[in-house]
Amino acid sequence: MSKQTIGMIVPIAVLFVLWFLPTPQGLSLEGWHFLAIFLAVIIGLVIEPVPAALVGLVGISVVALLGLAGKTPAANVKWALSGFSNSTIWLIFAAFMFAMGYQKTGLGKRISLVMIKYMGKSSLGLGYAVAFADLVLSPFMPSNTARGGGTIYPIAINIPIIFGSTPEHEPRKMGAYITWIAMTATCVTSSMFLTALAPNLLAIDLIAKGANITIEWGAWAKIMIPLMLPLFLVTPLLVYLIYPPTQKTSPEAPAWAAEELKKMGTISLKEILMASFAGLALILWIFGKEFKIDATIAAVSIVAAMVLTRVITWDDVIGNKPAWNIFIWFATLVALASGLNDVGVLKWIGKGTEVYLSGLTPTMLMISMIVFFFMLHYFFASLTAHTTALLPIFIVIAAKLIAPEQLTTFMILLTSTIGLMGIITPYGTGPSPIWYGAGYISQGKWWALGAIFALIFMSVLLLGVFIFL
């Protein structure tokens, strides 16, 4: 029996076992069957006997065919296709087009060569360059997809190529390392600043409504910067030690990069156009609210302008297989994750959590809530969906069980997990499928690294419980 056949049997076997188990108390039969399909899909994504997008597509097809997501055929169709209208997914798709523009014009190569010229003597130095690029942008860009996927990715993805590291040839030489540096950096910065992630802003609005607590930018920064800044500074080093590149040093690289820049000559018109489009996107992503322009609409509009000005061609857009593959994969996961809320699975989990937490000491209660809230992200393909579905439940629990004088600080620590939790899976946050789609890290390895760094990140947050509470 082939490895692929075994890989296909395992999730199907899990589905059948769960399907015929008794329905847990408090959960409907439809909800239990939906959860069984969802868990089978997750196992399929880890094992990956077929492409990840196909696993997700099979999952939503089975749910819709069985009528588990709605009471009518029309409702099931609407649910199955809901992920394809998600704004974050289109922003992810646009990020791939931006990357293509950087690559085709040579601008990405030029910027990467400049980075190597000044910081390329060591892989560690390049890692810090990528991380600090995210840090500089993070306080002003509330979309980590726009920041990590639309701005950092198109440039940083050129670095490993210059070193001869591709997904097919020596991915561990440089590409896998740069990928994981970028992901860990954007997750840490997303929690460091209130304005570095849109779901952070959604979270404080929910807290204001649910617990009558106002959290300002400064109050968030007073707690999170002392926790996250040291973590940020040490994270590239941790990646270097835990998942190191095979090429550690390159003392000749700066001189080589300087020579390559000479060969490239002066900047071309298409490079100038691409730089202008990237700059315009950055302005709209940072100040979009002032102009009442959504980040996704800005990105899609600029992609259209890139095609019209021949920075990229329409054939480039429709022929970008990785972009369309990630688009389908992430759209199906968003639909499946939203379905868990629709059929009552998440409400059932929340009630069970409250029963468990009510008998704990204050310190263990706060630690357990942070860990639960963080780990439940395995069920989500969107930080916004996670925040919308679960945070109101946790706000109610916290307001009942935590002392009023500790509640504000605890809510900051709890909601700060939203940025960090994106590290755990290849679909955990907007930039994840973009970097996963680059092909340098396998899905199984991503899950393993995600678990390791989730443990590191959670340890820092739990330290915050003892320091600030």
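Q: Which helix gives the most to the lining of the largest pocket?

A: Start with the general idea: rolling a probe the size of a water molecule over the atoms shows where empty space is left. In this predicted model, α14 gives the most to that lining, with 7 residues. The largest pocket has a volume of about 800 Å³, and 35 residues line it.

Q: Which residues lie nearest the centre of the largest pocket?

A: Look for Pro 142, Ser 143, Ala 198, Asp 294 and Ala 295. Helices that each supply at least two lining residues include α8 (144-156), α11 (198-211) and α15 (295-308). Sorted by class, the lining has 19 nonpolar, 13 polar and 3 charged residues.

Q: How many cavities of 30 Å³ or more does the structure hold?

A: The count is 1. About 40 Å³ of space lies in the largest cavity, and its lining is made up of Val 130, Asp 134, Gly 148, Ile 152, Ala 182, Ala 185 and Trp 435. Two or more of the lining residues come from each of α7 (123-137), α8 and α10 (175-192). By class, that lining divides into 5 nonpolar, 1 polar and 1 charged.

Q: Asp 134 turned up there; which residue forms a salt bridge with Asp 134?

A: The general idea is that side chains of opposite charge can pair when their charged atoms come close. Here the partner of Asp 134 is Arg 147, with the closest N and O atoms 3.0 Å apart. Arg 147 sits in helix α8 and Asp 134 in helix α7, so the pair ties together parts that are 13 residues apart in sequence. Both residues are buried.

Q: How many salt bridges are found in the whole structure?

A: A search finds 5. One of them joins Asp 316 and Lys 104, whose closest N and O atoms are 2.7 Å apart. Asp 316 lies in helix α16 (residues 314-318) and Lys 104 in helix α5, so this pair ties together parts that are 212 residues apart in sequence.

Q: Is Asp 316 buried or exposed?

A: Asp 316 counts as buried because its relative accessibility is 17%, and buried means under 20%. Lys 104, at 47%, counts as partly exposed.

Q: Where do Glu 260 and Lys 263 lie?

A: Both are in helix α13 (residues 253-264), 3 residues apart, about one turn of the helix. Glu 260 is buried at 14% relative accessibility, whereas Lys 263 is exposed at 61%.

Note on methods
Residues numbered from 1 in each chain as written. Predicted model: local features only at pLDDT ≥ 70, side-chain atom pairs only at ≥ 80, totals over all residues. Heavy atoms only, no water. 1 Å grid on protein atoms, 1.4 Å probe; cavity = no way out; pocket = protein on both sides within 12 Å on 5 of 7 lines; lining within 4 Å. Points joined across faces, edges and corners; volume = space filled by probe spheres on them. Helix = DSSP H or I, 4+ residues; strand = E, 2+ residues; numbered from the N terminus. Nonpolar A, V, L, I, M, F, W, Y, C, P; charged D, E, K, R; others polar. Salt bridge = Lys/Arg side-chain N within 4 Å of Asp/Glu carboxyl O. Buried < 20%, exposed > 50% of the residue type's maximum accessible area, 1.4 Å probe, protein only.
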